[in-house]
Amino acid sequence: MRIGLRLTILLSLLLVCLICFNVQGAEKIFRYSLRADCSTLDPQLANSQDTSTVAHHIYEGLIRYTGGEIKPGMAKNWEVSADGRVYTFQLREAKWSNGEPVTAYDFEYGIRRLLDPQTGSYYSFAGFIIKNGAKVNRGELPVEELGVKAIDAKTLRIELEQPADYFLAYTGFVSFYPVKKDYVEKHGKEFAADADKLLYNGPFILKEWRHEDRLILVKNPDYWNRETVKLDGAEIIIVTDANTAVSMFENGILDLVDVPTALIEQYRDDVEFYFSGADDFLKYGIDTNPYLKNTNLRRAINYSIDRENFIKLTTNDIYQAGTRYVIPIVSGVEKSYGEEYPLQFYPLKADLKLAENYLKQALDELGLNSPAEIELEFLTTDHDTSRIQAEVLQHMIQQLGIKVEIRQVTYKQRLTMEAEHQFDMVFSGWAPDYDDPLTYLELWVSDGPYNHGGFNNQEYDALIKQAIYETDQRQRMDALFAAEKVLLEEAGICPLQFRRIPYMINPRVKGLIRYYIGAREDFVTADIF
Amino acid sequence: MFKYLMKRFVISILTLFVLITVVWILVRLVPGDPFIGEKVTPQIKLNMIRYYGFDQPLYRQYLIYLRNLLKGDLGYSLKYRNVTVNKILADSFPYSASLGIRSLLFALVGGILLGTTAAFNRGRFLDYFCIIIAIIGVSVPDFILGYLLQFVFGIRLKWLPVAQWQGIKYTILPVIGLGTYTLAMISRLMRTNMLEVLQQDYIKTAKSKGLSTLKIILKHQLRNAIIPVITVLGPTTAAILTGTFVIESIFSIPGMGKYYVTAVQNLDYSLILGMTIFYGFFLVVANAIVDLLYGIIDPRIRIY
C-alpha cells in the first residue's frame, strides 16, 4: 500500500515535470546575436550583411535564395527571354502585414527607389545590371526609364543591360525587395525606423525593435508558405563584445555564436565552420607607385608570401590560404567553380627562389642596383589583428631586401585613401554580392569603380567583357577562368586568404543554413527539437 | 543670488556655443569620409552627399545646423539612416542614466563608508583592508574588472546573468564594474580628508562640549570632509551618467557609450555632435549644481 502511494506520488511528479517541460518547450524561439544593430531595415537603404540577414526573414523578394538554391518567393513562376535579357515574373496571392495585397507595383516602386539618386542608396550598384540602372542613378535618365515595369498587379517585367545568369538568384537580395509606395511616403524619412513603421511580407514579423538591444521576431500568420516555418519566433540580441556572446552561448542564452579566433583553442572540438565568401588580398598602387608599376616586382612579392604560415600566425589556422583569387566554392556551370576550374596558382609556402628571380628582373627593368632602394608603405586599419597581419607580411616581403613601412589608419580613412589611390600596398578584401565568379573578377576591369590600384590589362578587360555578353554558360565560365589566370599572372593583386568562420550551435537547432551569399544565417525552415 | 544664477547661465550658454563650434569644426577635420564604404562608387557617394546636404558651402551647413539646434533638432544619424539623433539619445540615455545613477550611489555610499571606516581605524587592520580595496579599485581597469565579474559570477558560479539589461539582477555586475573606480577614488579622498578634519580644533571643541560620536561624525566631520568629494562629483556624474563604452559593451547594455564610440568609428557627424552637445550640457549643469552645493554644505563658501 505504502509502495503504491509512493509510486503514485512519483508518477504524478513525473507527469507534472513532463507537462512543465512540454509547456516550456512549446515556444520554439531561436536566439542569436549580432555585433551591431541593423543600421536600417529599409530594403533600399540596407548596406550591411546584418541588415540583409534580418531583412531576409521579415521580407520576401521575387525568389528566395537559400543555401545556393532558388525557391519561389513572391513570384510563383517566371520566364526568361531567349536572349537572356528579359525576365517576366508572375506573382502569387500574398499579403502585407496590414492585410493589403503584395503587387508588382510594390516591386516596381522598390527597384526604382533603389536607383533613384534622391534615395541616396549605398547599394544602388546592385541595380546597375537592370537596363538604364547606372544612367538613372547618375541622374541622366528619369526613373521611369528604368528597365522594370509592372505590367499589371501580378506581372512584373525586368529588362537587363546584358544577359546575366546570376540575376534570378540576385532578385532574392535585400535591395530588390518590394515596398509599398503610400506606406513609405506616409512615414517619409522615418519609414522603417521602428517595428511599427514597417510592413512585412516575409516568414516573420518584427514584433519589437529595441535599438542596440534586441529584435524580437514572431512567425507571420499571413505568410503564404507558413507551413514550412517551424519556429515560433527568433530573438536577435545585440552583443558588441564577441567574448560576451560566447559566454552567453555557454550559459544557454544564445543558440548560435561565432567564435573569435583568440578563443578557438578552447572550443576547437565544438566548432563548425562556414565560408563567409569574403576573401582578402593586397591591392597594389600600380598607377601611383613607380616601382609597383613593374609586373616582375609584384610577382616577386606575391611569391615571397608564405601563405600557410600567414594563416597559422594570424588566424590560428582558421582561414584558408588564398592560393588563387576567386573563392572556389562559388557556383560554376554545374558544380562549384573550384571543382570545375581547379587552380593553385601560388604555392602554400613561399617560393623565395622564384621570387628572387623575378626581383632580379625587376631591378634590371627599373634600373636599380639593390632592392634596398625600394621603399613601400603598407597601409592597413588600426585594429590589433591588422597590425599582426601587417607585421607578418612585412617580415615576409622584407626577406627580399625591400623596405616596408607599416601605416595604420582608421577604417574610414583607409577606405578614403584607397578610393583616392593614396597607397603603395593596402590590405583589402571583398565580399560577394551574387553567386558567380564575376562578382570578384569585375572589380579589376581598367575602368572599374573599385579598381583603386589601377590594374590595366587589355586582355583581362576583353575576357570580362566576353563573359558579360556571352550566353553560352560554359564559354562564359571559361572566359572568367582565363581572366582570373591573367590577373594572377600579371600579379594585379596578391591573394592571401578566404575567410572561414568558426561557430558553435545548440545541437537542438536543426536546419539552420549558413551561406556566403545573401542571409548569413537562414532560419526560415530551421527547427528546435 | 539671482545675479549669480544669471551670470552662471550666460557663461554656460557661451561654453556650450564654443563647444558646438569647436566640435563641429574638429569633426570635419577628422581624416576619412563618412560616406565611404567597401562598395561605394564615386556616383553613389555623390548621391549620399547631396542627400545629406553636404554639397553646400561649409558656413551654410554650420548655420543650418545651428538653426536646427535652436529648434531642438539634432538631425538624422548618418549611420542609422531613418533615425534622428534626438531619438537615439532618448532611447539610449535612460539605460546609461539608470546604470550611472546606480553606480554613483554604489560608489558614494561605499566610498564614504570605506573612507570613514579607514580614517577611524587608522593604522589598524580595517584601515589596511580599506586601502587595499581602494588601490585595487583605482588600478584595475574596468574592462578587466568587467570580464572578471562576468567570468566568476556569471559563468563559473552562475549566480548572476552574464549580460543584458532585463531586470534588477542584471544590473548588479555592471554597477560594480562601473562604480568600483569611483568608489575607490571617493574612499581615498574621504580617508585623507577625514584624517585632516580629525586634527581640527572644532572637533576637539565638539568633543569637549560632550556631543555624541555619531553627532560629531555627521555634523562636523563628514560635512567638512565631503567638500573635495563633491568637487570631483560634478564631472564624474556627467561622465558616469552619459555612458561608458567598455562596461556597456561587456554587459551588452544599449546605452550611450556604445553609440558614441561607434559614431566616432563611422564618422557619423550628426551623432558625434549630438552626443557631445548632450554630454557638454550635462557637464555644465552638473558643475553648476556642484557650485551651488558648496554653499549649502559649507556656509563659509560664498558663491555669490
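**Exercise 1. Which residue does A:Arg113 form a salt bridge with, and which elements hold the two partners?**

Step 1: look for the partner. A:Arg113 pairs with A:Asp42 in a salt bridge, with 2.5 Å between the closest N and O atoms. The rule here wants a side-chain nitrogen of Lys or Arg within 4 Å of a carboxyl oxygen of Asp or Glu.

Step 2: A:Arg113 sits in helix α3 (residues 104-115) of chain A, while A:Asp42 is in the loop between β1 (29-34) and α2 (49-58) of chain A. The pair is 71 residues apart and links distant parts of the chain. Element names come from DSSP runs numbered from the N terminus: helices are H or I with at least four residues, strands are E with at least two.

Step 3: zoom out. Over all chains, the structure holds 40 salt bridges.

A quick word on ground rules: this is a predicted model, where local features need pLDDT of at least 70 and side-chain atom pairs count only at pLDDT 80 or more, while totals for chains, interfaces and linings use all residues. Residues are numbered from 1 along each chain as its sequence is written, chains are lettered from A and ligands numbered from 1 in the order in which they are written, and side-chain values use heavy atoms, leaving out hydrogens and water.

**Exercise 2. Describe the interface of chain B and chain A.**

Step 1: get the area. The two chains bury about 4,400 Å² between them, 51% of it on carbon and sulfur atoms. Buried area is the accessible area (1.4 Å probe) that two parts lose on being put together, summed over both.

Step 2: list who takes part. Chain B gives 45 residues to the contact and chain A gives 56 residues, with contact meaning heavy atoms within 4.5 Å.

Step 3: check for charge pairs. The rule finds 3 salt bridges across the interface. A:Asp194 and B:Lys87 also meet through their side chains in a salt bridge (3.4 Å, N to O).

**Exercise 3. How do α10(B) and α12(B) pack on α13(B)?**

Step 1: Chain B has 13 helices and 0 strands, and its C-alpha atoms fill a box of roughly 80 × 60 × 30 Å along the principal axes.

Step 2: take α10(B). Helix α10 (residues 227-241) of chain B packs on helix α13 (residues 269-297) of chain B at about 160°, the axes being 9 Å apart. Axes are lines fitted to C-alpha atoms, for helices over the stretch in contact, and angles run from 0 to 180 degrees between N-to-C directions. The two are therefore roughly antiparallel; angles under 35 degrees count as roughly parallel, over 145 as roughly antiparallel, 65 to 115 as roughly perpendicular and the rest as oblique.

Step 3: sort the contact residues. Those of α10(B) include B:Gly234 and B:Pro235, and those of α13(B) include B:Phe282 and B:Ala286. Ala, Val, Leu, Ile, Met, Phe, Trp, Tyr, Cys and Pro count as nonpolar, Asp, Glu, Lys and Arg as charged, and the others, Gly among them, as polar.

Step 4: now α12(B). The axes of helix α12 (residues 256-265) of chain B and α13(B) come within 9 Å and cross at roughly 135°, which makes α12(B) oblique to α13(B). Among the contact residues are B:Tyr259 and B:Tyr260 of α12(B) and B:Met275 of α13(B). Here the division is 9 nonpolar, 1 polar and no charged.
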